[in-house]
Amino acid sequence: MDESSVGRQRALLAAGNLAVDGVTAEVVGALQARGIRSILLRGPAIGRWLYTNGEESPRTYDDLDLLIPPGDAEGGERALEALGFINWFEALAPDEKVAHASEWRREASAV
């Protein structure tokens with residue numbers, strides 16, 4: 001791959017990551033507005049630490065993982081719904097529940 005192709009590829013990866021970062025900021029802001037603390041487990045928060053191995057190229061990510069206190073789960077769900085997200089697991093298998101995790105998606109969103 002020539003240098004210009006590598007540069008374009010890196011730019012596309014960085015643009016995708018920035019889109020996810022924007023959604024992350026939106027979600028964390030909505031949680032904070034409800035007084036819900038969260039910890040980001042993916043993306044730029046730990047990407048360099050876990051994935052670079054000394055390489056300079058950006059690593060792509062297409063989702064985000066947030067931890068919130070169990071007692072704030074209902075408020076977190078309401079915050080996500082207000083942003084247009086749906087509980088993907090619940091939509092696919094309404095009778096199956098996982099107590100410790102859920103996957104939320106939004107149409108036309110980076111995440």
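# Close-up views

**View 1. Arg105 and its partner.** Arg105 has a relative accessible area of 35%, so this residue counts as partly exposed (buried is under 20% relative accessible area, exposed is over 50%, and partly exposed lies in between, with a 1.4 Å probe and protein chains only). Its side chain meets that of Glu103 in a salt bridge, 2.6 Å from N to O; the term stands for a side-chain nitrogen of Lys or Arg within 4 Å of a carboxyl oxygen of Asp or Glu. Glu103 is partly exposed too, because its relative accessibility is 27%.

A note for every view: the model is predicted, so local features need pLDDT of at least 70 and side-chain atom pairs count only at pLDDT 80 or more, while totals for chains, interfaces and linings use all residues. Residues are numbered from 1 along each chain as its sequence is written, and side-chain values use heavy atoms, with hydrogens and water left out.

**View 2. Glu26 and Arg106 pair up across the sequence.** The structure holds four salt bridges, and here Glu26 forms one with Arg106, with 2.9 Å between the closest N and O atoms. The two sit 80 residues apart, Glu26 in helix α1 and Arg106 in the segment after β4, and their pairing links distant parts of the chain. Helices and strands are DSSP runs numbered from the N terminus (H or I, at least four residues, for a helix; E, at least two, for a strand). Glu26 counts as partly exposed because its relative accessibility is 33%, whereas Arg106, at 19%, counts as buried.

**View 3. A charged network that includes Arg78 and Glu81.** Salt bridges link Glu77, Arg78 and Glu81 into a network. Between Arg78 and Glu81, the closest N and O atoms are 2.8 Å apart. Both lie in helix α3, three residues apart, or about one turn of the helix. Arg78 is partly exposed, given a relative accessible area of 33%, and so is Glu81, at 40%.

**View 4. The two faces of α3.** Which residues of helix α3 (residues 73–82) are buried? They are Gly76, Ala79 and Leu80. These cover an arc of only 95° around the axis, so they sit on the same side of α3; the arc is that of the directions from the helix axis to the C-beta atoms. Cover for them includes α1 (3–33) and β4 (104–105). On the face turned away from this buried side you'll find the exposed residues Glu74 and Ala82. Just after α3, Gly84 takes a positive phi of about 95°.

**View 5. The largest nonpolar core.** This core has 12 residues in all, among them Val20, Ile36, Tyr61, Phe85 and Trp104. By definition, such a core is a set of buried Ala, Val, Leu, Ile, Met, Phe, Trp, Tyr and Cys residues joined through side-chain atoms within 4.5 Å. α1 and α3 each supply at least two of its residues, and the largest share, five residues, comes from α1. Neighbours within four places in sequence aside, Ile36 is in contact (heavy atoms within 4.5 Å) with Leu31, Ile68, Asp72, Gly75 and Gly76.

**View 6. A nonpolar patch on the surface.** Ile39, Leu41 and Leu67 make up this patch, and together they have about 260 Å² of accessible area (Shrake-Rupley method, 1.4 Å probe; for residues, only the protein chains shown count as cover). Patch residues have over 30% relative accessible area and no salt bridge; like charges are joined within 9 Å and nonpolar side chains (Val, Leu, Ile, Met, Phe, Trp, Tyr) within 5 Å. Ile39 belongs to strand β1 (residues 39–40) and counts as exposed because its relative accessibility is 51%.
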